[in-house]
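Visitor: I would like to learn how to read the aromatic contacts of a protein model. Please go through them with me.

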Amino acid sequence: MFSKRVVPILVIVSLAVVAVRGQWEAHFTGGRTSIVHLFEWKWNNIADECERFLGPYGYGGVQVSPPGENAVINDPFRPWWERYQPVSYKLDTRSGSEAEFASMVRRCNTVGVRIYVDAVINHMTGSGSVGTGTGGSPYNGGTKEYPGVPFGPLDFNSYPNECPNPSGSIDNYNNPIEVRNCELVGLRDLKMGTDYVRGMLIGYLNKLIGYGVAGFRVDASKHMWPGDMQAIFSQLNNLPTDHGFPANARAFLFQEVIDLGGEAISGDEYFGLGRVTEFKYGKFLGEAFRGLNQLKWLINWGEGWGMYPNSNALVFIDNHDNQRGHGAGGENILTYRVSRLYKMAVAFMLAHPYGITRVMSSYDWSPFENDWIGPPNTNGNIDDVPINADLTCGGGWVCEHRWRQIYNMVKFRNVVAGTGVNDWVDNGNNQIAFCRGDRGFIAINNDNSPLILSLQTCLSPGQYCDVISGNVEGGRCTGKTITVGSNGMADININNSDPDPMVAIHAESKL
């Protein structure tokens, strides 16, 4: 039986609208609220996607792959992780040239879609890597020589001066000095406490800001001292007003800190610098939708689950690491491979006000064991992303952000922005429903029985198109039609065997 539960609406609302500035502010335009990670896309393809899809469908920004020159790894053949082995800070990679990067940022900003760069500043290549980078720069990881920057042996942490471990690598994650001063899986660890290294990194990030990027996903933040990061970030330029940013705007920062508890380093050490990636979010939701917890407990989702304060959290269901079993969350992380549960979890994420949300957009990498596989390519060159007539992608690109159940919930989140969770109901198990103020309503059935009830939608009377099962086209619904009565109530019918066992309606899906 469904029961209505009291939600502290005022608390949730205050968290949702708390004023944040500078490095905590994503600089979205036009009421947009979500980021998509277009993993390993080419710059020209991203620019096209901003203009033809992301802008029109309400996405707020794109996280792009690292744009700095990286090592060319041929064993295994051009894996995705070569992008995380910098050779120099030249803007020349498989995704495109510096001119193409600059054009992409300009084109995306013009249509109101911001660009966030995946910034790899903790390290350079692995110790055993020697060769020529994607931009033609020679390097030698063994001797710590990177003339394309230039960096030399004195620009890196080493044993015994900075790293206390004779191996030079991180062996003990409960020793913060090891975690921050020793090498992560053999990657040459930059000595960020020096003015020279800081200067090179500041120059790289400021060059990107000059091209109009809105901010940075800071890779491996857990492996850098917050004080060193602050010394760098404090020297970044304001965002350029000629790209539509207000005067004195600061780059948005969201820092990759894997913190599931139980280690010496915690995410809250980085709150003073910007937002932090909340890895517990995808872990907990994956467990809930896989049946290892009950959806009814999501009533106090967010801080009530021991996660970061709302104003410090960047949230996601999966990312490029943990969908491959790396990073955090283990086997319960939901990905495109379990699409039914994945769409339910993403819908909940986009319906709930907690955090800034990021949607993953993947390419297929079958078989599962070959988690190193790089993006679809021809002779090592990344393939274009073909778009099908039904808006989905082909050519091995998954493009979850183009799934109707996801892009329509991105708009849902935009429409209900500024409201809290209210009128929560559940059946004491895995059927839940709630309103977002008087702007939206969602119901999810992850139970083993149908959900057939009259529920409060909090919306004005009329007919609404369920944005999960279809769209509003030509003044009619291509999916389910939900009729809301004069008292805000609607008959909701969700069979537990439905392909997408949920419904969602909002103020702008009304006929």
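Visitor: Which ring does Lys280 lie over?

Guide: In this predicted model, Lys280 sits over the face of Tyr308, 4.6 Å from the ring centre. A second case is Arg402, which lies over the face of Phe53 at 4.2 Å from the ring centre.

Visitor: How many aromatic pairs are there?

Guide: Rings pair if their centres lie within 6.5 Å. The count by this rule is 31 aromatic pairs.

Visitor: Why is the pair of Tyr116 and Phe252 edge-to-face?

Guide: Planes over 60 degrees apart count as edge-to-face. The planes of Tyr116 and Phe252 are at 75 degrees, with the ring centres 5.7 Å apart, so this pair is edge-to-face.

Visitor: Which parts does that pair tie together?

Guide: Tyr116 belongs to strand S4 (residues 114–119) and Phe252 to strand S10 (residues 252–255), so the pair ties together parts 136 residues apart in sequence.

Visitor: Are Tyr116 and Phe252 buried or exposed?

Guide: Tyr116 is buried, and Phe252 is buried too.

Visitor: What is the geometry of the pair that Tyr363 and Trp397 form?

Guide: Tyr363 and Trp397 are edge-to-face, at 6.0 Å centre to centre and 80 degrees between the planes. Tyr363 is in the loop between strand S13 (356–361) and strand S14 (377–378), while Trp397 is in the loop between strand S15 (381–382) and helix H9 (404–416). The pair links distant parts of the chain, 34 residues apart. Tyr363 and Trp397 are both buried.

Visitor: Which residues form one aromatic cluster?

Guide: The cluster consists of Tyr281, Phe284, Trp301, Trp305, Phe348, Tyr354, Trp424 and Phe434.

Conventions
Residues numbered from 1 in each chain as written. Predicted model: local features only at pLDDT ≥ 70, side-chain atom pairs only at ≥ 80, totals over all residues. Heavy atoms only, no water. Phe/Tyr/Trp six-rings, centres within 6.5 Å; stacked < 30°, edge-to-face > 60°. Helix = DSSP H or I, 4+ residues; strand = E, 2+ residues; numbered from the N terminus. Buried < 20%, exposed > 50% of the residue type's maximum accessible area, 1.4 Å probe, protein only. Lys NZ or Arg CZ within 6 Å of the ring centre and 35° of its normal.
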